[in-house]
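Here are a few notes to read alongside the model, written for someone opening it for the first time. Please keep the viewer open while you go through them.

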Amino acid sequence: QDPLEMLKLLGGADDIRTVGEETVNGVRTTHYAVEVARDRLADIAAQSPDAAALPPGALDQIKDVTTDLWVDDDHLPRRMRMSLSVQQLSMTMALEFLDYGKPVEVTAPAADDVLRVSGPGELGRVFQSAARR
C-alpha cells in the first residue's frame with residue numbers, strides 16, 4: 001500500500017529490461033519492465049507492519065506479478081504499474097508521481113466515499129466479496 005515500499009521492492013529486482021523511451025505527463029522517461037521473484041515479493045510483504053493481518057498462506061497465493069516503471073533523467077519515478085493475481089482475482093495498481101518539490105494540498109474525501117479496513121487481510125476479504133457478486 002506504500003508506494004515507497006513498492007519502489008524498494010523493485011530495487012531488489014531479479015530482471016530489469018529497458019522497454020524504451022516514453023513521455024509521461026510531459027516528462028521524458030525511460031520505461032522499464034521489472035520482474036521480481038515471487039519469493040522476494042513475499043519476503044518484502046512479510047516485513048510489512050500489516051503482514052500479521054494476512055490470513056495464513058495468503059502470500060503463497062500471489063502469482064503472475066508484472067511491473068513496469070517509468071523513470072526520468074533525474075532518476076525519479078514518474079509512473080509505476082503493477083499487476084498480480086491471487087486465486088481468481090487479478091489486480092492492477094497504477095501510480096503517477098507528479099509535481100516533485102511542490103507543496104502538497106490534500107482534501108479529505110466525503111465520509112460516504114471512505115471504506116475503512118483494518119489491514120490487507122480485511123481488504124482481501126472485501127475484494128473477494130465483491131468478486132462473488
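1. Ground rules. This is a predicted model, where local features need pLDDT of at least 70, side-chain atom pairs count only at pLDDT 80 or more, and totals for chains, interfaces and linings use all residues. Numbering runs from 1 along each chain as its sequence is written, and side-chain values use heavy atoms, with hydrogens and water left out.

2. The overall layout. The protein chain has 3 helices and 5 strands, and along the sequence they follow the pattern α-β-β-α-β-β-β-α. Here helices (H or I, at least four residues) and strands (E, at least two) are DSSP runs, numbered from the N terminus.

3. Surface and contacts. Of the 133 residues, 26% count as buried; that label means under 20% relative accessible area, with exposed over 50% and partly exposed in between (1.4 Å probe, protein chains only). The chain's accessible surface is about 9,300 Å², and carbon and sulfur atoms hold 51% of that. Those areas come from the Shrake-Rupley method with a 1.4 Å probe, and for residues only the protein chains shown count as cover. Take contacts (heavy atoms within 4.5 Å) between residues at least 6 apart in sequence: 43% of them join residues at least 24 apart.

4. Salt bridges. How many are there? The count comes to 5, taking a salt bridge as a side-chain nitrogen of Lys or Arg within 4 Å of a carboxyl oxygen of Asp or Glu. As background, side chains of opposite charge can pair when their charged atoms come close.

5. A linked trio. Have a look at Glu21, Arg28 and Asp73, which are joined in a network of salt bridges. Glu21 pairs with Arg28 at 2.2 Å, N to O, and Arg28 pairs with Asp73 at 3.0 Å, N to O. Arg28 sits in strand E2 (residues 27-35) and Asp73 in the loop between strand E3 (62-72) and strand E4 (77-86), so this pair ties together parts that are 45 residues apart in sequence. Glu21 is exposed at 53% relative accessibility, while Arg28, at 44%, is partly exposed, and Asp73, at 48%, is partly exposed too.

6. Another pair. Glu96 and Arg79 form a salt bridge at 2.7 Å, N to O. This one links distant parts of the chain, with Glu96 in strand E5 (residues 89-96) and Arg79 in strand E4, 17 residues apart. Glu96 is partly exposed at 38%, and Arg79 is partly exposed at 22%.

7. Asp68 lies in strand E3.

8. Val71. This residue is also placed in strand E3, and Val71 is buried at 14% relative accessibility. Leaving aside residues up to four places away in sequence, Val71 touches Arg28, Thr29, Thr30, Tyr32, Leu76 and Pro77. Val71 and Arg28 are 43 residues apart in sequence and 8.4 Å apart in space, C-alpha to C-alpha.
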